[in-house]
Amino acid sequence: AAAAAAAALPLRAGADESDFVTAESGLRYKVLKAGDGAVPSPGQTVKAHYTGWLDGFDSEKKFDSSRDRGRPFTFKVGAGQVIRGWDESFGSMKVGERRQIVLPPNLVSVGNVREDPGRGAHFTSRRLRRDTGNAAP
């Protein structure tokens, strides 16, 4: 059911959906640039840049971007500090990898709080590096 709901989310005009991997949760992603570093362990702190849209990657409905602020985002993978789709996606990303990520509504929540009820989200994300300190982003 989650995969079917994710398939209903738009990618972008003319996008080739066959390039996207679909996880059992319904998360879809496409690797734009392969990484060459390690995959993080649960609880490990990572730094990443991201841009988020509501209606596809070419949408004018960009709602947030660490790139626009010029500051990467730092969080612990798998610790519930971010939306569920990020824990899942970044938990399998290598350092240096860049992805387009399509999240169904069930993965756009933190804990029991849904960020945008009934709506999914699109992100372009790049895992910058492993962060071993606890510094603020």
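**Rings, core and strands in a predicted model**

Q: What does Phe 75 touch, leaving out residues up to four places away in sequence?
A: In this predicted model, Phe 75 touches Gln 44, Thr 45, Val 46, Gln 81, Val 82, Trp 86, Asp 87 and Phe 90.

Q: Which cluster do ring pairs build around Phe 75?
A: Ring pairs link Phe 75 with Tyr 50, Phe 73, Trp 86 and Phe 90. The structure holds nine aromatic pairs.

Q: Why is the pair of Trp 53 and Phe 57 called edge-to-face?
A: Start with the distance: the ring centres are 5.9 Å apart, and rings pair if their centres lie within 6.5 Å. Then take the angle: the planes stand at 80 degrees, and over 60 counts as edge-to-face. So the pair is edge-to-face.

Q: How do you know whether Trp 53 is buried or exposed?
A: Buried means under 20% relative accessible area. Trp 53 comes out at 13%, so Trp 53 counts as buried.

Q: And what about Phe 57, buried or exposed?
A: Phe 57 has a relative accessible area of 6%, so Phe 57 is buried too.

Q: Why are Trp 86 and Phe 90 separated by about one helical turn?
A: Because they are four residues apart in helix H3, which covers residues 84–90. Trp 86 and Phe 90 are both buried.

Q: Which residues touch the most other members of the largest nonpolar core?
A: This core has 18 residues, and the ones touching the most other members are Leu 27, Phe 75, Trp 86, Phe 90, Ile 101, Leu 103 and Phe 123. Strands E3 (45–53), E6 (98–103) and E9 (121–130) each give two or more residues to this core, and so does H3. E3 gives the most, with three residues.

Q: Why is E6 said to be largely enclosed by the rest of the structure?
A: Because five of its six residues are buried.

Q: How many bridges join E2 to E6?
A: Five bridges join strand E2 (residues 28–33) to E6, and the two run antiparallel. For Lys 33, the bridge partner in E6 is Arg 98.

Q: How do you know that the charged end of Arg 99 is close enough to sit over the ring of Tyr 29?
A: The charged end of Arg 99 is 3.9 Å from the ring centre of Tyr 29, and the cut-off is within 6 Å. Arg 99 does sit over that ring.

How values were computed:
Residues numbered from 1 in each chain as written. Predicted model: local features only at pLDDT ≥ 70, side-chain atom pairs only at ≥ 80, totals over all residues. Heavy atoms only, no water. Phe/Tyr/Trp six-rings, centres within 6.5 Å; stacked < 30°, edge-to-face > 60°. Buried < 20%, exposed > 50% of the residue type's maximum accessible area, 1.4 Å probe, protein only. Lys NZ or Arg CZ within 6 Å of the ring centre and 35° of its normal. Core = buried A, V, L, I, M, F, W, Y, C linked by side-chain atoms within 4.5 Å. Contact = heavy atoms within 4.5 Å. Pairing = 2+ DSSP bridges.
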